[in-house]
Amino acid sequence: MVRALMCLKLILNAVNLNFVTFSDFFDSRQLKGAIFSIFVIVIAAAEAAIGLAIVSSIWTRYSFINLS
């Protein structure tokens, strides 16, 4: 589960890089891409925290986690 969350985080970081790059390329006077990427980072952090909380609660109850 941790591996799946890490992969999702890497995908979201790649999206953030695209937001910032294309925002700077098309309209360098405004920071729309950077602001949107900050929102994505906050949402990804909350998603990781909730996902790890769910995994730890399942682990303490059943002592076994199967992703497939």
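Reply: A nonpolar patch on the surface is formed by Leu-31, Ile-35, Phe-36 and Phe-39, which together have about 430 Å² of accessible area. The model is a predicted one, in which local features need pLDDT of at least 70 and side-chain atom pairs count only at pLDDT 80 or more, while totals for chains, interfaces and linings use all residues. Residues are numbered from 1 along each chain as its sequence is written, and side-chain values use heavy atoms, with hydrogens and water left out.

A patch is made of residues with over 30% relative accessible area and no salt bridge; nonpolar side chains (Val, Leu, Ile, Met, Phe, Trp, Tyr) are joined within 5 Å, and like charges within 9 Å. The areas come from the Shrake-Rupley method with a 1.4 Å probe, and for residues only the protein chains shown count as cover. A salt bridge is a side-chain nitrogen of Lys or Arg within 4 Å of a carboxyl oxygen of Asp or Glu.

Leu-31 is found in the loop between α1 and α2; helices here are DSSP runs (H or I, at least four residues), as are strands (E, at least two), and both are numbered from the N terminus. With a relative accessible area of 59%, Leu-31 is exposed, where exposed means over 50%, buried under 20%, and partly exposed in between (1.4 Å probe, protein chains only). Phe-36, at 43%, is partly exposed.

Rings of Phe, Tyr and Trp (its six-membered ring) pair if their centres lie within 6.5 Å; planes under 30 degrees apart are stacked, over 60 edge-to-face, and the rest tilted. This rule gives a count of three aromatic pairs. In one of them, the ring centres of Phe-19 and Phe-36 are 4.8 Å apart and the planes stand at 85 degrees, so the pair is edge-to-face. This pair joins distant parts of the chain, with Phe-19 in helix α1 (residues 2–26) and Phe-36 in helix α2 (residues 32–62), 17 residues apart. Phe-19 counts as partly exposed, at 29% relative accessibility.

Another pair is made by Phe-22 and Phe-26, whose ring centres are 6.1 Å apart and whose planes are at 20 degrees, so this pair is stacked. Both residues lie in helix α1, four residues apart, about one turn of the helix. Phe-22 is partly exposed at 46% relative accessibility, and Phe-26 is exposed at 63%. Through ring pairs, Phe-22, Phe-25 and Phe-26 are linked into a cluster.

Lys-32 lies in helix α2 and counts as exposed at 61% relative accessibility. Phe-22 and Gly-33 are eleven residues apart along the chain, and their C-alpha atoms are separated by 7.5 Å.

Charged side chains deserve a word as well. Side chains of opposite charge can pair when their charged atoms come close. The structure holds one salt bridge, in which the side chains of Arg-29 and Asp-27 meet at 3.7 Å, N to O. Arg-29 is exposed, with a relative accessible area of 76%, whereas Asp-27 is partly exposed at 24%.

The whole chain provides the wider setting. It has two helices and zero strands. Its radius of gyration, taken over C-alpha atoms, is 16 Å, well over the 11 Å that the globule rule gives for 68 residues, so the chain is more spread out than a compact globule; the rule is 2.2 Å times the number of residues to the power 0.38. Along the principal axes, the C-alpha atoms fill a box of roughly 55 × 20 × 10 Å. Buried residues make up 13% of the 68 residues. One of the residues counted as buried is Val-55, at 15% relative accessibility, and its place is in helix α2. The C-alpha atoms of Val-55 and Val-2, 53 residues apart along the chain, are separated by 8.7 Å. The accessible surface of the chain comes to about 5600 Å², of which 73% belongs to carbon and sulfur atoms.

Finally, an unreviewed UniProt entry places the feature "transmembrane region" at residues 33–59; UniProt positions follow the numbering used here, feature names are shortened, and annotations may be inferred rather than shown by experiment. Over residues 33–59 the chain is 100% helix and 0% strand, with the end C-alpha atoms 38 Å apart.
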